[in-house]
Amino acid sequence: MKKKIFALLLSTVLVASLLMACAGDTANDTTTDTPAVEETPDDPPADDPPADDPPADDTGDQEPVTITYSMWGDAEELRVLEEEVIPNFMSEFPWITVEAIQIDRGEYETWMNTMAAAGTLPDTGIMAESQVIPWAEQGMLLPVDINGLAELVGDTPLEHLHFVWEGETVAFSVCNNLVQLFYDIDKFEEAGVDLPPTNWQDAWTWDEFVDAAKSLTLDSAGRDAHDAGFDRDNVVQWGIRFYNATWMLEPWALANGGGWFAPGSPNDVIIAEAPSAEAMQMIADLYLVHGVSPQFGTNVGTIDTWLVEDTAMAINGGWSNGVWLGGARENEGLNFSIGVLPKMAEQATLATAGTNVTFATTEHPEAAAIWLNWYAQPENAWNLVEAGIWMPNFTAWYYDEDLMRRWSDIDYPGRTHRNHAPFEDYLEAAIEYSLSPVVHPAAWYWVNNMDAFLDVLGTVLAPVWSGDQTAQEALDGGLSALEAANRGQ
């Protein structure tokens with residue numbers, strides 16, 4: 001893959017922008033696909049300018065254009081964008097001027113809707129995952145020219161990062177992130193429990209996962225959840241915690257042979273069918289039956305606090321390495337690593353991350369596409385990638401060993417951050433996991449109206465977590481509301 005050197009380190013503040021919402025120092029690249037250097041003749045041609053003449057404006061035959069890029073974030077993010085990112089881009093494409101528009105995150109969707117109604121949308125901009133397909137359905141986004149992207153940067157994003165509407169890629173994620181299993185090594189060793197598998201083909205069965213969680217769940221008397229005298233009302237260490245987000249429940253329906261929507265049919269809601277309902281019940285029973293997890297939706301705090309204080313395993317997004325766990329290792333001595341999710345009927349995990357889009361109203365689609373394609377390269381967010389907050393979105397970073405080690409091996413020379421899980425685990429449980437057939441794009445990559453669907457689903461499942469209804473009863477009763485939300489009604 002042909003690579004370019006960008007002297008750019010984005011601030012980690014970007015995680016607030018594209019995470020609910022991607023390499024590195026390429027100076028040592030050994031690629032040889034650049035043209036050979038021709039020898040300089042002894043006497044330059046007569047029409048060459050004198051050596052001290054200023055260089056000509058290198059815009060070629062392109063007419064200079066100005067495009068806009070809307071983003072959310074704070075003043076530091078805007079500074080990095082305007083003082084580092086855009087100048088680096090313009091040094092390579094001097095005929096394109098990029099102007100940034102900063103909007104508060106809480107007002108961003110309202111602002112976009114207002115601009116759309118007024119016909120004054122920017123050329124390009126940040127967009128949250130759940131917004132992409134609704135805008136594409138309205139014809140408000142231009143499709144991505146994948147061939148043009150490959151020609152410009154020499155690579156393409158991982159397949160599961162494509163937002164697809166009516167057969168076209170309308171956007172792709174700025175990075176790759178999976179739902180993963182994190183754990184405290186020391187708690188496993190103290191309990192004498194084997195560490196979670198890192199190879200998806202060796203994933204724990206659900207029964208093996210529950211058995212491990214029972215051995216790791218302790219009451220105030222030191223008894224684990226296997227013991228007959230275990231006091232589930234006085235738990236001092238949980239075997240497993242889940243991040244509370246409703247969207248993170250989707251991989252379990254897929255893992256049990258079901259799903260939320262029929263494959264390739266974004267308006268065919270199948271979440272109430274037996275495999276999906278059974279999977280939701282299995283999650284609920286971790287609290288209701290086995291007593292190894294708090295009731296879903298009741299977790300407070302963050303994954304670093306859980307693992308440091310009272311939890312052996314936790315399920316959350318891959319960004320946890322950089323946002324929380326690396327710091328907990330440095331400051332609290334947390335000895336953490338990662339594994340693959342346990343399987344139900346089969347193995348599955350979910351991928352997701354925010355994106356940048358080109359709005360269909362742009363008068364400069366070529367320049368807009370060049371800007372976003374250039375901006376998408378992992379080199380342009382190296383601080384986030386090396387910090388363990390983002391995984392690269394482009395394919396080559398998952399096959400070249402040196403590239404893999406640059407962004408994820410905490411012992412690689414010259415690193416600024418050392419937040420990732422140990423490389424021998426990370427290689428299988430994150431990098432190779434990302435290339436496996438068990439990775440599914442979250443539903444908002446191809447299904448419309450997901451914000452409304454998730455709101456309804458959270459309400460429908462609430463009595464399941466408390467034990468007031470079975471998952472099958474709740475989903476049967478809520479199916480018509482879920483179907484209406486899926487249709488945007």
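In this predicted model, strands β4 (residues 162-165) and β5 pair in the antiparallel sense, with four bridges between them. If you follow phenylalanine 163 across to β5, you meet its bridge partner, alanine 171. Two residues lie between the strands of this hairpin, and glutamate 166 takes a positive phi near 50° there. How many of the five residues of strand β5 are buried? Four of them are, so β5 (residues 168-172) is largely enclosed by the rest of the structure.

Let us move on to another set of strands. β1 pairs with strand β3 (residues 124-127) in the parallel sense over two bridges, and in β3 the bridge partner of tyrosine 69 is threonine 124. β3 also pairs with strand β12 (residues 355-358), this time in the antiparallel sense and over four bridges. Here methionine 127 stands opposite threonine 355 of β12.

Tryptophan 206 and phenylalanine 209 have ring centres 4.9 Å apart and planes at 55°, so their pair is tilted. These two residues sit three residues apart in helix α7 (residues 206-216), a separation of about one helical turn. Both tryptophan 206 and phenylalanine 209 are buried.

Ring pairs link Tyr69 into a cluster with Phe89, Phe93, Trp371, Trp374 and Tyr375. The charged end of arginine 105 sits over the ring of tryptophan 72, at 3.9 Å from the ring centre. Likewise, the charged end of arginine 232 sits over the ring of tyrosine 287, at 5.4 Å from its centre.

Tyrosine 287 leads us to a pair of helices. Helix α9 (residues 274-288) and helix α16 (residues 450-466) have axes that come within 8 Å and cross at roughly 40°. The two helices are therefore oblique to each other. On the α9 side, the contact is made by Met280, Gln281, Ile283, Ala284, Tyr287 and Leu288. On the α16 side, the contributing residues are Leu461, Val464, Trp465 and Ser466.

Which residues does leucine 249 touch, leaving out those up to four places away in sequence? They are Trp260, Met280, Ile283, Phe296, Leu461 and Trp465. Leucine 249 itself is placed in the loop between β8 (235-242) and α8 (250-255). Leucine 249 is buried, with a relative accessible area of 1%. Its C-alpha atom is separated by 10.0 Å from that of valine 179, a residue 70 places away along the chain.

β8 brings us to the last stop, an open sheet. Five strands form this sheet in the order β7-β8-β9-β6-β10, with mixed pairing. β7 and β10 (336-339) stand at the edges, each with a single partner strand, so one side of each is left without a neighbour in the sheet. β7 pairs with β8 in the antiparallel sense over two bridges, and helix α7 lies across β7, β8 and β9 (311-317), running at about 150° to β8.

Within this sheet, aspartate 219 is found in strand β7 (residues 218-219) and stands opposite valine 235 in β8. Although β7 is an edge strand, aspartate 219 is buried, with a relative accessible area of 1%. Leaving aside neighbours within four places in sequence, aspartate 219 is in contact with Gly229, Phe230, Asp231, Asn234, Val235 and Val236. From aspartate 219 to phenylalanine 230, the C-alpha to C-alpha distance is 6.5 Å, with the two residues 11 apart in sequence.

Note on methods
Residues numbered from 1 in each chain as written. Predicted model: local features only at pLDDT ≥ 70, side-chain atom pairs only at ≥ 80, totals over all residues. Heavy atoms only, no water. Buried < 20%, exposed > 50% of the residue type's maximum accessible area, 1.4 Å probe, protein only. Pairing = 2+ DSSP bridges. Phe/Tyr/Trp six-rings, centres within 6.5 Å; stacked < 30°, edge-to-face > 60°. Lys NZ or Arg CZ within 6 Å of the ring centre and 35° of its normal. Axes fitted to C-alpha atoms, helices over the stretch in contact; angles between N-to-C directions. Parallel < 35°, antiparallel > 145°, perpendicular 65-115°, else oblique. Contact = heavy atoms within 4.5 Å.
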